[in-house]
Amino acid sequence: MFNKEKYQDIIAEIPSNIKIVGVTKAKSPEEIKRAIDSGIKIIGENYIQEAKQKYEELKNLLKEKKIEFHLIGHLQSNKVKDAAEIFDCIQTIDSKKIAHKINESSKNIGKIMKVMIQVNLGEKQKSGIKPEELSSLIQEIRKLKNLELSGIMAIPEEGDEKSFELLKELKNKFNLNELSLGMSQDYKLAILKGSTMIRLGTILFGERSY
Ligand SMILES: *Cc1c(COP(=O)(O)O)cnc(C)c1O
C-alpha cells in the first residue's frame, strides 16, 4: 500500500525543486490512485503491456490531475507506438534508432514527446549508452522536431558516488535540465550529488512481487 506518511516525511526533508517519480511496477491502479490523492505528480512504469492496462483505467484521472506518466524501463522498437500514445516522457532512450522511431510515432499523433537519454556507466544491465556516445545522440535528438530532450537518466549501482558525480558532470556539460537518478536506497545521496528527479518504488509502495 502507498505509504502517505512516508511520502510526507520525504517531501519535508528534500529540497522542493526535486521531482519525485512514484514507481508503480507491480502495483495496482488503486494504489496509484491513492498515491495521486496524496500528492504524487509523476508516475513511472517499466513495462509497456502493464502500463497500458493501467493507463486505460487511469487516463481520465491522469489528465484531470495533470499527472505525468513516465516510462522508466527499456523500450523495444515494436512497442514504440503504444509508448508514444500513453506516456508523457520516455526516460530510457538509448539509440538513434529508437529516438527516430519515437519521433515518428509522436509526429503521427501530433505530440511532442519529452525524452531522456539513459546512460550506462558500466553497470551489468545492458540498457543505456556509454558516456562517449552521448554527444552524438544528443545532437541527433535535438534535430528531431517531435522530441524534447529534458535530461539524462541512469541506474548506477546503489550509492555509487563516483557514477553520481560523473552523471552530474555530463548533465552540466550538455546543458540539460534533468538528472533522473536515485532510488529508495540512495535518493538522499543522489540529491546531494545533483539529482533533480528521484525514482521511488519500495520506500513508498512497499515490497514488490518482482
Ligand atoms: C523499480 C525501479 C525503481 C524503483 O526502485 P526502488 O528501489 O523500489 O525504489 C527506480 N528506477 C527504475 C528504473 C526501476 O526499474
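**Note on the ligand site and pockets**

1. The largest pocket holds a volume of about 390 Å³. This is a predicted model. The ligand takes up the space of that largest pocket.

2. The lining of the largest pocket counts 21 residues. Nearest its centre lie Lys25, Ile155, Met183, Arg199 and Arg208. By class, the lining of this pocket splits into 5 nonpolar, 11 polar and 5 charged residues.

3. The side chain of Asn46 places an N or O atom 2.7 Å from a ligand oxygen. For Gly201, a backbone N or O atom is 2.8 Å from an oxygen atom of the ligand. The side chain of Arg199 has an N or O atom 2.9 Å from a ligand nitrogen. On its own the ligand has 390 Å² of accessible area, and the protein covers 89% of this.

4. The second largest pocket contains about 190 Å³ of space. Its lining consists of Asn46, Tyr47, Ile48, Gln49, Gly73, His74, Leu75, Gln76 and Lys79. These divide into 3 nonpolar, 5 polar and 1 charged.

Key. Residues numbered from 1 in each chain as written. Predicted model: local features only at pLDDT ≥ 70, side-chain atom pairs only at ≥ 80, totals over all residues. Heavy atoms only, no water. Polar contact = N/O pair within 3.5 Å; in protein donor to acceptor, adjacent residues only side chain to side chain. Areas by Shrake-Rupley, 256 points an atom, 1.4 Å probe, with all protein chains shown as cover. 1 Å grid on protein atoms, 1.4 Å probe; cavity = no way out; pocket = protein on both sides within 12 Å on 5 of 7 lines; lining within 4 Å. Sits in = over half its atoms within 2 Å of the grid points. Points joined across faces, edges and corners; volume = space filled by probe spheres on them. Nonpolar A, V, L, I, M, F, W, Y, C, P; charged D, E, K, R; others polar.
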